[in-house]
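This briefing goes through one protein model, from overall fold to single residues. Please look at the sequence and structure before reading on.

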Amino acid sequence: MTIPFSKYQGTGNDFVIIDNRRLFFPKDDTKLISRLCDRKFGIGADGLILLENHESLDFTMVYYNADGHESSMCGNGGRCIVAFAKALHVIQSTTLFMAIDGVHEATIENEIVHLKMQDVAKIDTKNTYSFLNTGSPHHVEISENLSALDVKTEGARIRYSDLYGSAGSNINFVSQKEENVFAVRTYERGVEDETLSCGTGVTAVALAMHNQGKATSNRLQLQVEGGELEVRFEKDDTGYHSIFLIGPATYVFKGEITW
Ligand SMILES: N[C@@H](CCC[C@H](N)C(=O)O)C(=O)O
């Protein structure tokens with residue numbers, strides 16, 4: 001069997017992306033997917049994404065974490081599949097596509113993708129953290145010493161705690177740099193490690209910081225280990241809407257696996 005693939009990254013969150021419009025990919029083969037994502041025994045990636053046909057929209061995005069299991073929305077993966085769809089000539093510079101959390105609108109120009117995220121009506125804020133769903137579940141917590149933090153150990157402790165049960169959560173640690181600028185490090189569920197960036201994660205951080213009154217603007221800069229992202233949004237009585245995740249989505253290389 002031969003599987004052609006492309007590798008893309010969005011601020012260092014990296015993905016194997018496969019054109020599955022002919023539905024040839026064995027979608028239930030968890031071992032194969034985790035092997036392809038393995039950094040020593042495979043191509044290496046935080047996740048694998050399939051691009052498939054959709055009956056009325058431009059395409060469907062199917063997202064798997066590096067552990068081989070299909071998961072909830074991936075913001076950086078969403079930006080990368082838009083770049084991939086453009087390279088395949090499936091889209092030009094604007095698109096509407098389907099993902100697990102519903103329809104997404106996006107534009108791409110010079111590798112910069114503006115991806116519309118799902119509306120967020122509810123943010124649970126406790127003493128030390130906020131929890132919200134931006135397409136994937138996110139715990140957001142301020143860290144006094146972000147650069148020295150052992151994100152893998154501390155993230156795993158919270159992810160597997162009674163707080164989130166068997167479903168778990170992604171865990172984001174945040175440090176405020178300026179009024180509307182935040183540094184973020186994320187432990188990703190399904191990768192079970194820190195990644196260099198998480199799109200739904202920085203979206204959650206931006207909304208949580210605004211909701212807690214720590215940010216004044218509706219355009220926040222998020223510094224992640226792999227680069228910089230921007231989140232824009234509107235807020236009214238129903239919550240946060242018109243949320244956009246903005247940043248680069250970059251082609252890395254392509255190849256094919258044969259076995
Ligand atoms: N990398 C992602 C989030 C991917 C999903 C996450 N690991 C989960 O299972 O919830 C992003 O950029 O949003």
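The notes below cover the fold, the domains, the ligand shell, the nonpolar core and a few residues.

The model is predicted, so local features need pLDDT of at least 70 and side-chain atom pairs count only at pLDDT 80 or more, whereas totals for chains, interfaces and linings use all residues. Residues are numbered from 1 along each chain as its sequence is written. The protein has 4 helices and 17 strands. Its radius of gyration is 17 Å, close to the 18 Å of the globule rule for 259 residues, so the protein is as compact as a globular protein of that length. The ligand lies between domain 1 and domain 2, because both give residues to the shell around it.

**Overall fold**

- Helices (H or I, at least four residues) and strands (E, at least two) are DSSP runs, numbered from the N terminus.
- The radius of gyration is taken over C-alpha atoms, and the globule rule is 2.2 Å times the number of residues to the power 0.38.
- Along the principal axes, the C-alpha atoms fill a box of roughly 55 × 35 × 30 Å.
- Buried residues make up 41% of the 259 residues; a residue is buried if 20 or more other C-beta atoms lie within 10 Å of its own, exposed if 12 or fewer, and partly exposed in between, with C-beta atoms placed from the backbone.
- Of the contacts with a separation of 6 or more, 64% are between residues 24 or more positions apart; two residues are in contact if their C-beta atoms, placed from the backbone, lie within 7 Å.

**Domains**

- The domain assignment gives domain 1 (2–116 + 249–258) and domain 2 (124–246), with bounds that come from an automatic or database domain assignment.
- The C-alpha centres of domain 1 and domain 2 are 23 Å apart.
- The contact between the domains takes 22 residues from domain 1 and 22 residues from domain 2.
- On the domain 1 side, the elements that give two or more residues are helix 2 and strand 7 (112–116).
- By class, that side of domain 1 has 5 nonpolar, 12 polar and 5 charged residues; Ala, Val, Leu, Ile, Met, Phe, Trp, Tyr, Cys and Pro count as nonpolar, Asp, Glu, Lys and Arg as charged, and the others, Gly among them, as polar.

**Ligand shell**

- The ligand is surrounded by 19 residues, of which the closest are S71, N76, S136, G199 and T200; a residue is near the ligand if its C-beta atom, placed from the backbone, lies within 6 Å of it.
- Helix 2 (75–87) and helix 4 (199–211) are the elements that give two or more residues to this shell.
- The shell holds 3 nonpolar, 13 polar and 3 charged residues.

**Nonpolar core**

- In soluble globular proteins, nonpolar side chains tend to be buried together.
- The largest nonpolar core has 65 residues, and I17, V205 and L222 have the most contacts inside it; such a core is a set of buried Ala, Val, Leu, Ile, Met, Phe, Trp, Tyr and Cys residues joined through C-beta atoms within 7 Å.
- Helix 4 gives the largest share of this core, 7 residues.
- Domain 1 and domain 2 each supply at least three residues to this core.
- Leaving out residues up to four places away in sequence, I17 touches F5, S6, Y8, I49, L51, C80, I81 and F84.

**Positive phi**

- Most residues other than glycine have a negative phi.
- E192, which is not a glycine, has a positive phi of about 60°.
- E192 lies in the loop between strand 12 (181–188) and strand 13 (193–195), and is partly exposed, with 16 other C-beta atoms within 10 Å.
- S242, also not a glycine, has a positive phi of about 50°.
- S242 lies in strand 16 (residues 239–248) and is partly exposed, with 13 other C-beta atoms within 10 Å.

**Other residues of strand 16**

- F244 lies in strand 16 and is partly exposed, with 19 other C-beta atoms within 10 Å.
- Not counting residues up to four places away in sequence, F244 touches H114, L115, K116 and R232.
- G239 is in strand 16 and counts as partly exposed, with 17 C-beta neighbours inside 10 Å.
- Again not counting residues up to four places away in sequence, G239 touches D119, V120, A121 and K122.
- The C-alpha atoms of G239 and S71, 168 residues apart along the chain, are separated by 25 Å.
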